[in-house]
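Subject: Structure handover

Hello,

Here is the structure I promised to pass on. Please open it alongside this email and follow the residues as you read.

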Amino acid sequence: MKGLLLRLSSLDADAAAAVRVIAHFQALLGAGRLDPAALLRSVAGLAECPAGLELADGRAFRAGPDGAVVTGPPERVSGEAALRPAGRVWLERPGPAGPFDDLVLEWLAIAAHTAQQPFRVADPALVEVVLSAREAFADRARALRLLGLASEQPLRVVAVTGPGDPEVTALALLGRGGVPGTVRVAHVGAYGVALVQRAAAGSPAAELRAAVRGAVRAGIGGPADALGAAASWEQALAALRFAQPGPPADAVADHDELGAVVLLADVPAARLAALPDVRRLAGIVEREGGGRHVAALSAFCRTGSLRAAAAELHLHHSSVAARLGRVEAATGWRLREPGDRFRAQLALHAWRLAATGERGPAAAPSVTPPPVTAPPGAAP
């Protein structure tokens, strides 16, 4: 991160400032449990203006840029962001909002949401025990108890990857999405991993798709018995291979939604890449602007409607039609025909899996953590 800042500073001062803001919050999130008052003092110093935080339970905090506590209601709010399910964060500049205030407020809201979730950042060793099918039943039950998770309730595993620290990326995604329930996040192998237990066993796909940004991808496993979380972990990794940066519906893949298509993840990547339809798609992508054509194809196959695809991509429907026309010319498909549209959707899945390589459940990180030790004061 320091090297990136030095390079950006010599090229683009604005980009360097934006990265510095993100790095500040990544350091806060990576430090473990956040105290709301300490968080606000840090952010007020970063923004160089008073900042405020109101939590769902009614507690409110204000701090000045020097770290001193400020009392009373804010005199002027120059920008604010809402918290879920209730509350808000804000900045108090005497003049107009600063150029990076929206970025500061977005990350402050993520950090504030995290601060309201006790022990949201979990011990990776405990999470690895929960995810391992090789650990003894008693060890998995004890790890769940130490994480504050109920062994008698089902849970889902979410695997997250993207630029930066995997754990922080997962925290930001889950925090921004306001996923309800009990959530524990840790860094496992190359992934940020979230264990999610909620009152209803429904998938957090909708919340994550509303919150996903940039090059972040997520795979969601199906519900599994908490003591058999390894099954959901494998499903999350398989689903992640179907995800790709782009529209939220592509960036977050849900194992339950994939259905029988998930069986493609068991096919070797080299065999998928050799399929004629996959080679045609790869050829389209290699051409100038080809990525946009494949994005239009993906949206059309998923929605089944030219106008719905155009709305998802924020394009005029005629632009989407033109891109689909180029795909049809290159492949010979007639995308208005259900059979060819199904063939195109299957080819898209196979192309994504071939592009990610051999990174399915069989290649999941080996989970062989050290013996579980209880934190000081925990019940044996």
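The lining of the second largest pocket divides into 6 nonpolar, 3 polar and 6 charged residues. That makes 15 lining residues in this predicted model. Which of them lie nearest the centre of the pocket? They are Ala249, Glu257, Leu258, Arg302 and His349. The space inside comes to about 270 Å³.

Several elements build the lining. α10 (248–251), β10 (252–254), α11 (255–258), α14 (290–303) and α17 (338–356) each give at least two residues to it.

Stay with Arg302 for a moment. Arg302 forms a salt bridge with Glu312, and their closest N and O atoms are 2.1 Å apart. Arg302 sits in helix α14 and Glu312 in helix α15 (residues 306–313), so the pair ties together parts that are 10 residues apart in sequence. Asp250, Arg302, Glu312 and Arg352 are linked in a network of salt bridges.

Side chains of opposite charge can pair when their charged atoms come close. How many salt bridges does a search of the whole structure find? The search finds 13. Two more are worth a look.

- Glu92 and Arg62: their side chains meet in a salt bridge at 2.7 Å, N to O. Glu92 lies in the loop between β4 (88–91) and α4, and Arg62 lies in strand β2 (residues 60–63), so the pair ties together parts that are 30 residues apart in sequence. Both Glu92 and Arg62 are buried.
- Arg93 and Asp101: the closest N and O atoms of this salt bridge are 2.8 Å apart. Arg93 counts as buried because its relative accessibility is 18%, under the 20% cut-off. Asp101 is buried too, with a relative accessible area of 6%.

Now the nonpolar cores. In soluble globular proteins, nonpolar side chains tend to be buried together. Here the largest nonpolar core has 51 residues. Phe25, Leu53, Val89, Val158, Leu173 and Leu208 touch the most other members. Which helix gives the most to this core? Helix α4 (residues 101–115) does, with 9 residues.

Take Phe25 as a way in. Leaving out residues up to four places away in sequence, Phe25 touches Val43, Leu46, Val104, Trp107, Leu108 and Ala111. A second core is separate and has 35 residues. Val294, Ala309, Leu313 and Ala354 are among them.

His255 is buried, with a relative accessible area of 16%. What does His255 contact, beyond its neighbours within four places in sequence? The list is Ile220, Gly221, Gly222, Gln235, Ala239 and Val262.

Last, the overall view. The protein chain has 17 helices and 10 strands. Of its 380 residues, 48% count as buried. Take the contacts between residues at least 6 apart in sequence: 63% of them join residues at least 24 apart.

Best wishes

Key
Residues are numbered from 1 along each chain as its sequence is written. This is a predicted model: local features need pLDDT of at least 70, side-chain atom pairs count only at pLDDT 80 or more; totals for chains, interfaces and linings use all residues. Side-chain values use heavy atoms; hydrogens and water are left out. A nonpolar core is a set of buried Ala, Val, Leu, Ile, Met, Phe, Trp, Tyr and Cys residues joined through side-chain atoms within 4.5 Å. Buried means under 20% relative accessible area, exposed over 50%, partly exposed in between (1.4 Å probe, protein chains only). Helices (H or I, at least four residues) and strands (E, at least two) are DSSP runs, numbered from the N terminus. Contact means heavy atoms within 4.5 Å. On a 1 Å grid over the protein atoms alone, a cavity is a set of points where a 1.4 Å probe fits but cannot get out, and a pocket is an open set with protein on both sides within 12 Å along at least five of seven lines; lining residues have an atom within 4 Å of a point. Grid points are joined across faces, edges and corners, and a volume is the space filled by probe spheres set on the points. Ala, Val, Leu, Ile, Met, Phe, Trp, Tyr, Cys and Pro count as nonpolar, Asp, Glu, Lys and Arg as charged, and the others, Gly among them, as polar. A salt bridge is a side-chain nitrogen of Lys or Arg within 4 Å of a carboxyl oxygen of Asp or Glu.
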